[in-house]
Amino acid sequence: MSKISPTTEYTLNGDEVDDLQAAVKELRISGISPVDPDFYLKYGECQELLPSGLRRFLEDFRDDRTSTVCQVHGFPVDEAVVGPTPDHWERPDGYESTVDSDLYMAMCGSALGHPFSWATLQYGRLVQDVFPIRGDENRESGHGSEAFLMFHTDDAFRPDSCDYLLLFGIRNHDVVPTYVAAVRDVSLSAEDRRLLSEKRFHIVPDDEHIRQLELRAPDDPALLRAVEMRDHPAAVSVLFDDPVNPHIRLDAPYMRCIGNDPAAERALTALQAELDRVRRPLVAAQGTLLVLDNRSVVHARESFTARYDGTDRWLRKIIISRDLRPVGDDGTPCARVLL
Ligand SMILES: O=C(O)CCC(=O)C(=O)O
């Protein structure tokens, strides 16, 4: 039986929490929120404010090509400040209530690369909400609840999908787990590996990338691009890069084999069974940051029943690219909201 990749963990001590709170206070003075791309123009190097031990832990995670997942525990969340879990990501009261943990996430994310967002999701905000939304219970998205959110890598339909995603627990009283499964842990036949490494698959945008703008800005160029990717998806492989230790792209509910390809179907089913076998639960508990390598692990979320009484599970999310390109040769800062 193969070994399951470990999760590395870091727990903040009292001095580190004090240092982080001082850093947050300093960054807050500007009045620019890390949900706003302008924050990164001014504070693109905000990781320098992290306590040295935490910064080193995150950089070691980034530099170790065998890493898959890590957790950082102990950033305080004040229930009275964050208030009840909102009803919707549009949040008419703004983002002030979560600014402290958003700044913490921006600092941690910047130690790994460049935070960015998609123009199609939550108005392109750089830190986004994950919580159940009434009416979305059976959707395959971060706003569903009754539906098991199946294994996926984030934005698998995009060639420029993120390298890391960070999930921070504002509250998770019901201890709803996120499951992770590392591609390096699966055991597959050579034939299945070969089939999965060939461009025999289509992955289309998940519904959220289309319906949010369809409802709010039907002429937005980002929507037109997502629709084009839905209607004319590129052929992709599921496994890619190094043939021995491949990376993975997968989005179970939004992918299919091209044409009638029973061999590829069988290989995909075998992969999914293996991912189920090696999966492990992680809990984004209040104050815990989960960091997932989006090329090495797939993730899923357990189903649960939402109450819509302000106490439901609430995570904040940020995605990171290791190498967003500057816009111009003159070093103009890179665009943070991608079409
Ligand atoms: O809620 C979770 O634990 C996972 C959320 C998720 O899969 C996502 O935002 O891509």
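## Loop, core and ligand shell in a predicted model

Tyr123 is placed in the loop that joins strand 3 to strand 4. The structure described here is a predicted model. The phi angle of Tyr123 is near 55°, a positive value in a residue that is not glycine. Tyr123 has 16 other C-beta atoms within 10 Å and is therefore partly exposed.

Gln122 is found in the loop between strand 3 (114-118) and strand 4 (128-130). Gln122 also has a positive phi, about 45°, although it is not a glycine. It counts as partly exposed because 19 C-beta neighbours lie inside 10 Å, and the cut-off for a buried residue is 20 or more.

**Helix 1 and helix 5**

Two packed helices are described by the angle between their axes and by the distance between those axes. For helix 1 (residues 14-28) and helix 5 (residues 99-112), the axes come within 10 Å and cross at roughly 100°. Helix 1 and helix 5 are therefore roughly perpendicular to each other, since angles of 65 to 115 degrees fall in that class. On the helix 1 side, the contact is made by Leu20, Ala23, Val24, Leu27 and Arg28. Helix 5 contributes Val99, Asp100, Leu103, Tyr104 and Met107 to the contact. Sorted by class, the contact of helix 1 with helix 5 holds 8 nonpolar and 2 charged residues, with no polar ones.

**The nonpolar core**

The largest nonpolar core has 75 residues. Those with the most contacts inside this core are Met105, Cys108, Leu166, Ala181, Leu289 and Val291. Helix 5 gives the most to the core, with 9 residues.

Leu166 is in contact with Met105, Cys108 and Gly109, with Leu289, Leu290 and Val291, and with Lys317, Ile318 and Ile320, leaving aside its neighbours within four places in sequence.

Phe168 has its place in strand 6 (residues 164-171). Phe168 counts as buried because it has 27 C-beta neighbours inside 10 Å. Not counting residues up to four places away in sequence, Phe168 touches Ser101, Met105, Ala284, Leu289, Leu315 and Arg316.

**The shell around the ligand**

Which residues surround the ligand? They are Val130, Gly142, Leu149, Asp154, Leu167, Thr178, His299, Arg301, Leu315 and Lys317. The elements that give two or more residues to this shell are strand 15 (297-301) and strand 16 (314-321). By class, the shell has 4 nonpolar, 3 polar and 3 charged residues.

Ile210 is located in helix 7 (residues 207-216). This residue is partly exposed, with 17 other C-beta atoms within 10 Å. Beyond residues up to four places away in sequence, Ile210 touches Pro205, Leu223, Ala226, Val227 and Arg230.

Arg55 lies in helix 3 (residues 52-63). It has 17 C-beta neighbours inside 10 Å and so counts as partly exposed. Apart from residues up to four places away in sequence, Arg55 touches Gln47, Leu50 and Ala111.

Ser67 sits in the loop between helix 3 and strand 2 (69-73). Is Ser67 buried or partly exposed? With 20 C-beta neighbours inside 10 Å, Ser67 counts as buried, because the cut-off is 20 or more. When residues up to four places away in sequence are not counted, Ser67 touches Phe61 and Asp293.

| Pair | Separation in sequence | C-alpha to C-alpha distance |
|---|---|---|
| Ile210 and Leu224 | 14 residues | 8.8 Å |
| Arg55 and Leu112 | 57 residues | 9.3 Å |
| Phe168 and Val337 | 169 residues | 21 Å |
| Ser67 and Asp102 | 35 residues | 24 Å |

Notes. Residues numbered from 1 in each chain as written. Predicted model: local features only at pLDDT ≥ 70, side-chain atom pairs only at ≥ 80, totals over all residues. Axes fitted to C-alpha atoms, helices over the stretch in contact; angles between N-to-C directions. Helix = DSSP H or I, 4+ residues; strand = E, 2+ residues; numbered from the N terminus. Parallel < 35°, antiparallel > 145°, perpendicular 65-115°, else oblique. Contact = placed C-beta atoms within 7 Å. Nonpolar A, V, L, I, M, F, W, Y, C, P; charged D, E, K, R; others polar. Core = buried A, V, L, I, M, F, W, Y, C linked by C-beta atoms within 7 Å. Buried ≥ 20, exposed ≤ 12 C-beta atoms within 10 Å, placed from the backbone. Near = placed C-beta within 6 Å.
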